[in-house]
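Please read each point with the structure open beside the text.

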Amino acid sequence: MRTQVAIIGGGPSALLLSQLLRLRGIDNVVLERKTRDYVLSRIRAGVLERGLLDLMREAGIAGRMEREGFAHDGTLIAHEGGMFHVDFRKLTGHSVMVYGQTEVTRDLYDALEKAGGKIEFEVEGVEIHDADTDAPHVTFHRGGTEHRIDCDYVAGCDGFHGVSRQTIPLSVRREYEKTYPFGWLGILSETPPVDDELIYANSARGFALCSMRNANLSRYYIQCALSDSPSDWTDAAFWQELKRRLPGEVAGRLVTGPSIEKSIAPLRSFVTEPMRWGRLFLCGDAAHIVPPTGAKGLNTAASDVHYLYNGLRQVYEEGDPEGIDRYSERALARVWKAERFSWWFSSLLHRYPDQSAFDLRMQAAEIDFLRTNEAAQKAMAENYVGLPY
Ligand code: FAS
Ligand code: PHB
């Protein structure tokens with residue numbers, strides 16, 4: 001088989017890139033190691049930045065999001081029993097959209113299948129060959145048969161545990177990492193959200209987040225120990241702990257119910273440089289990871305897709321390699337700002353085991369400054385709605 005762009009991975013980065021390329025007549029094949037249902041079963045991001053909304057419109061898959069998504073003009077931040085609102089719309093002129101990553105991925109799968117796009121599920125042993133030459137190729141096997149795809153370029157959209165980043169020699173790669181001494185225990189429940197807005201809470205017992213997917217599907221998170229597993233937490237224990245971390249007037253109106261999904265995500269900040277090696281381009285979680293506090297994971301994958309798609313379009317349509325030659329530089333400039341915001345927002349809202357009394361006072365002063373200072377709120381809002389591409 002031959003294609004112009006071989007795309008490794010079948011998550012949101014891969015599917016959005018595939019859809020955009022296909023609309024410009026650039027042939028591509030997506031290689032996903034799991035099944036469609038498995039990919040859709042992973043409950044992940046919930047908040048979409050303006051840049052991703054525009055990309056979805058450009059990709060022609062924004063219809064259901066426009067109908068079913070919830071525009072949010074701000075967020076609530078709770079601390080020590082009090083709560084204040086940061087008004088994104090007033091401060092930046094923009095809002096964010098609450099529409100689950102699962103739904104974005106579903107919309108992309110539907111578009112790919114409707115357009116007759118090429119995706120191979122349940123592939124095994126993907127290997128990227130000769131990425132540092134003008135004639136790369138990819139091999140994989142399935143059901144005991146080896147397959148080869150010759151291509152012009154390879155997009156590594158296979159997430160943090162994928163093969164693409166590992167293909168770049170260690171002598172070329174520079175990796176930056178910070179791990180956090182806690183995780184997020186998240187649940188989905190078919191209950192009405194506790195508030196119209198998201199609520200980020202810093203409490204003496206740890207971080208909590210109240211989010212949602214629709215008027216009767218809520219998403220809640222609490223900071224938990226890394227040693228915890230979902231089975232350590234009954235629903236009753238989760239709800240009790242969540243209520244203890246929220247202001248009383250919020251806890252009092254929380255509607256609880258059985259969890260329909262319960263999982264723990266570790267928190268990590270990670271970046272690999274460069275995001276290009278020869279004709280291999282890393283995109284999304286394959287290149288970088290953020291703690292989910294700032295809702296930047298999926299959204300930063302989207303900005304990578306924007307830069308890579310336009311670079312590939314430029315080389316195929318105009319014969320100009322400028323976009324792909326500057327891909328890593330452009331993508332990383334925005335990635336590092338997302339890393340900074342996610343690290344800052346996580347530092348602001350979580351309780352760390354090694355925090356001194358002074359550290360806690362600094363955290364409280366930072367939250368109070370955000371509560372009382374419009375410039376501080378504007379800086380937070382600009383990052384949360386998404387910095388320009
Ligand atoms: P993905 O990891 O989504 O997709 C990679 C795909 O590649 C997967 O389908 C995988 O099966 C496939 N793959 C891997 N190796 C392969 C191989 N060798 N061959 C073929 N296929 C291969 N972000 C937020 O903004 N908010 C959140 O609340 C949030 N919560 C998260 C919770 C968890 C548990 C995790 C892991 C991430 C969370 N994220 C969140 C971040 C998440 O949304 C990612 O940023 C987003 O999935 C990135 O998309 P992709 O880059 O497509 O990577
Ligand atoms: C979610 O709804 O899953 C969500 C929202 C905001 C975040 C992280 C996760 O910062």
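1. In this predicted model, an oxygen atom of ligand 2 lies 2.7 Å from an N or O atom in the side chain of Arg213. Backbone atoms also approach the ligand: an N or O atom of the Pro292 backbone is 2.8 Å from an oxygen atom of ligand 2, and a backbone N or O atom of Thr293 is 2.9 Å from an oxygen atom of ligand 2. On its own ligand 2 has 280 Å² of accessible area, and the protein covers 97% of it.

2. The shell around ligand 2 is made of 14 residues, of which Tyr200, Ser211, Arg213, Tyr221 and Pro292 are the closest. By residue class, this shell around ligand 2 holds 8 nonpolar, 3 polar and 3 charged residues.

3. As for secondary structure, at least two residues of the shell around ligand 2 come from each of strand E14 (198–203), strand E15 (206–214) and strand E16 (217–224). The largest share, 3 residues, is supplied by E15.

4. Of the area that domain 1 buries against domain 2, 23% is supplied by Ile43, Arg268 and Trp344, which is more than any other three residues supply.

5. The other ligand to examine is ligand 1, which is surrounded by 29 residues, with Ser13, Glu32, Arg42, Arg44 and Gln101 as the closest. Oxygen atoms of ligand 1 lie 2.7 Å from an N or O atom in the side chain of Ser13, 2.8 Å from one in the side chain of Arg42, and 2.4 Å from one in the side chain of Gln101. Taken alone, ligand 1 exposes 990 Å², of which the protein buries 86%.

6. The shell around ligand 1 divides into 12 nonpolar, 9 polar and 8 charged residues. Helix H1 (12–23) and helix H10 (297–318) each contribute at least two residues to this shell around ligand 1.

How values were computed: Residues numbered from 1 in each chain as written. Chains lettered and ligands numbered in written order. Predicted model: local features only at pLDDT ≥ 70, side-chain atom pairs only at ≥ 80, totals over all residues. Heavy atoms only, no water. Near = heavy atom within 4 Å. Polar contact = N/O pair within 3.5 Å; in protein donor to acceptor, adjacent residues only side chain to side chain. Areas by Shrake-Rupley, 256 points an atom, 1.4 Å probe, with all protein chains shown as cover. Helix = DSSP H or I, 4+ residues; strand = E, 2+ residues; numbered from the N terminus. Nonpolar A, V, L, I, M, F, W, Y, C, P; charged D, E, K, R; others polar. Buried area = accessible area lost by both parts, 1.4 Å probe.
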